[in-house]
Amino acid sequence: MDNSTATLRLAALAQETRLAVFRALVQAGPDGLNPGLLAETLGTAQATLSFHLKELKNAGLIQARQESRFIFYSVDFTAMNELLSFLTENCCGGDGSVCEVASS
């Protein structure tokens, strides 16, 4: 990953609503969520959510898939892991044991 891609992805996550959307989609897993359920879960207006989904999609962090007449959004876990690897690749002079990603 280059600095430009990392900056784009980090900028997309550097907004409270988008971060909440991303985290909700991470929790949902590969099946993702449809915008109606996501808006209800987060208490966000559909129009506002649509804008934030577009920003996350443009950054390459999420993907959309059509099922019948519904759209489902899910995290691009490869892109997420690439970003995490980019952020930690030179951690502590290469001592990876210190920089393991821990879940909370």
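T44 is buried, with a relative accessible area of 17%, which falls under the 20% limit for a buried residue. The model is a predicted one. T44 sits in the loop that joins α3 and α4. The protein as a whole has five helices and two strands, and 31% of its 104 residues count as buried.

**Overall layout**

- Starting at the N terminus, the order of elements in the protein is α-α-α-α-β-β-α.
- The C-alpha trace of the protein spans about 50 × 25 × 25 Å along its principal axes.
- Among contacts in the protein with a separation of 6 or more, 56% are between residues 24 or more positions apart.

**T44 and L49**

- T44 is in contact with T17, A39 and L49, when its neighbours within four places in sequence are left aside.
- L49 belongs to helix α4 and is buried, with a relative accessible area of 0%.
- Not counting residues up to four places away in sequence, L49 touches V21, P35, L38, A39 and T44.
- L49 and V21 are separated by 28 residues in sequence, and their C-alpha atoms are 8.2 Å apart in space.

- Helix α3 covers residues 35-42, and P35, L38 and A39 are buried in it.
- Seen down the axis of α3, its buried residues fall within an arc of 100°, so they line one face of the helix.
- E40 and T41 are exposed, on the other side of α3.
- The cover over the buried residues of α3 includes α2 (16-28), α4 (46-58) and β2 (70-75).

**How α3 meets α4**

- The angle at which α3 and α4 pack is about 110°, and their axes are 10 Å apart.
- The two helices, α3 and α4, are therefore roughly perpendicular to each other, since angles of 65 to 115 degrees count as such.
- On the α3 side the contact involves P35, G36, L38 and A39, which meet Q46, L49 and L53 of α4.
- Sorted by class, the residues in the contact of α3 with α4 are five nonpolar and two polar, with no charged residues.

**How α1 meets α5**

- Helix α1 (residues 3-13) packs against helix α5 (residues 77-88) at an angle of about 110°, and the axes of the two lie 11 Å apart.
- That angle makes α1 roughly perpendicular to α5.
- The crossing in which α1 passes α5 is left-handed.
- From α1, the residues that make the contact are N3, A6, R9, L10 and L13, and from α5 they are A79, E82, L83, F86 and L87.
- Seven nonpolar, one polar and two charged residues make up the contact of α1 with α5.

**The loop between the strands**

- S68 is located in the loop between β1 (62-67) and β2.
- S68 is exposed, with a relative accessible area of 67%, which is over the 50% limit for an exposed residue.
- The phi angle of S68 is near 60°, a positive value in a residue other than glycine.

Technical notes
Residues numbered from 1 in each chain as written. Predicted model: local features only at pLDDT ≥ 70, side-chain atom pairs only at ≥ 80, totals over all residues. Heavy atoms only, no water. Axes fitted to C-alpha atoms, helices over the stretch in contact; angles between N-to-C directions. Helix = DSSP H or I, 4+ residues; strand = E, 2+ residues; numbered from the N terminus. Parallel < 35°, antiparallel > 145°, perpendicular 65-115°, else oblique. Left-handed = near helix turned anticlockwise from the far one by under 90°. Contact = heavy atoms within 4.5 Å. Nonpolar A, V, L, I, M, F, W, Y, C, P; charged D, E, K, R; others polar. Buried < 20%, exposed > 50% of the residue type's maximum accessible area, 1.4 Å probe, protein only. Arc of directions from axis to C-beta.
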